[in-house]
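Student: I would like to go through a protein model with you. Could you show it to me, please?
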Amino acid sequence: MAVLKIARLGNPILRRVAQPVDLEQLNGDPENELQKFIDDLIDTMHDEGGVGIAAPQVGRSQQIVIAEYVGNERYPDQENIPLSVLINPVITRYGTGTLSFWEGCLSLNDLRGLVTRPDAVTVEAFDRTGQPVTIEASGFFAVVLQHEIDHLHGKVFIDRMTDFSRLAYYEEFQEYWLEEASQPAEI
Ligand code: NI
């Protein structure tokens, strides 16, 4: 159990394409190095209060993302996301609609920006035991998955923005944009 240091914008690792995980490295032994790293990644996400995290955000350029959201008063309108550990995830289908959401990111910790993305995705990946999984996600979950998988391709949410008048520091977001926005989340 360990909380890892978050790489912030400007750290070149956030701009690198992450390497696929060799599934052989996942052998189920909890003392296995990669399994321990996955536990640390989950701990770090919890400690930072994020709803998702990607391995490059803690300085490891491998294709691993985590997502989890358990409803609370802070984001009352969002659906829950079960703890999901996704290895080598690939988006194989996009929804035909779009969804605009004020996103935040642990690597851009004080910023919020309005990002428009496809409203649904299908993701093919492997779980932490190396078994293939397929996730059909829509709404908030689809946003979180796209945001995290972007990190594996060297992209951050501001790269997806089309209107920079909707980029704000958190305090200004609260003051000027909260009423018209859906709730932001650190992803
Ligand atoms: Ni992020």
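Student: Is Gln57 buried or exposed?

Tutor: Gln57 is buried, with a relative accessible area of 0%. Buried means under 20% relative accessible area, exposed means over 50%, and partly exposed lies in between, with a 1.4 Å probe and protein chains only. Please note that this is a predicted model, in which local features need pLDDT of at least 70 and side-chain atom pairs count only at pLDDT 80 or more, while totals for chains, interfaces and linings use all residues. Residues are numbered from 1 along each chain as its sequence is written, and side-chain values use heavy atoms, with hydrogens and water left out.

Student: Where is Gln57 in the chain, and which residues is it in contact with?

Tutor: Gln57 is placed in the loop between E1 and E2. Strands (E, at least two residues) and helices (H or I, at least four) are DSSP runs numbered from the N terminus. Leaving aside neighbours within four places in sequence, the residues in contact with Gln57 include Lys5, Leu14, Cys105, Glu148 and His151. Contact means heavy atoms within 4.5 Å.

Student: Which residues are the protein donors of the nickel ion?

Tutor: They are Cys105 through SG, and His147 and His151 through NE2, at 2.1 to 2.3 Å from the nickel ion. Donors are N, O and S atoms within 2.8 Å of the metal (3.2 Å for Na, K and Ca); water is not among the atoms, so sites may look incomplete. The spacing of these donor residues in sequence is C-x41-H-x3-H.

Student: Where do His147 and His151 lie?

Tutor: Both belong to helix H2, residues 139–151, where they are 4 residues apart, about one turn of the helix. His147 and His151 are both buried.

Student: Now the sheet, please. What is the order of its strands?

Tutor: The order is E1-E2-E3-E6-E7, in an open sheet of 5 strands with antiparallel pairing. Strands E1 (52–54) and E7 (132–138) stand at the edges with a single partner strand each, so one side of each has no neighbour in the sheet. From one strand to the next, the twist averages 40 degrees. Two strands pair if DSSP finds at least two bridges between them.

Student: How many bridges join E2 to E3?

Tutor: Strand E2 (residues 64–69) and strand E3 (residues 81–94) are joined by 5 bridges and run antiparallel. Ala67 stands opposite Ser84 in E3, and Tyr69 has Ile81 as its bridge partner in E3.

Student: Why is E2 described as largely enclosed?

Tutor: 6 of the 6 residues of E2 are buried, so the rest of the structure largely encloses this strand. Ile64, Ile66 and Glu68 point one way from E2, whereas Val65, Ala67 and Tyr69 point the other way.

Student: Which helix lies across E1, E2 and E3?

Tutor: That is helix H1, residues 33–48, which runs at about 40 degrees to E2. Axes are lines fitted to C-alpha atoms, for helices over the stretch in contact, and angles run from 0 to 180 degrees between N-to-C directions.

Student: Finally, how many helices and strands does the chain have?

Tutor: The chain has 3 helices and 9 strands. Its radius of gyration is 16 Å, close to the 16 Å that the globule rule gives for 187 residues, so the chain is as compact as a globular protein of that length. The radius is taken over C-alpha atoms, and the rule is 2.2 Å times the number of residues to the power 0.38.
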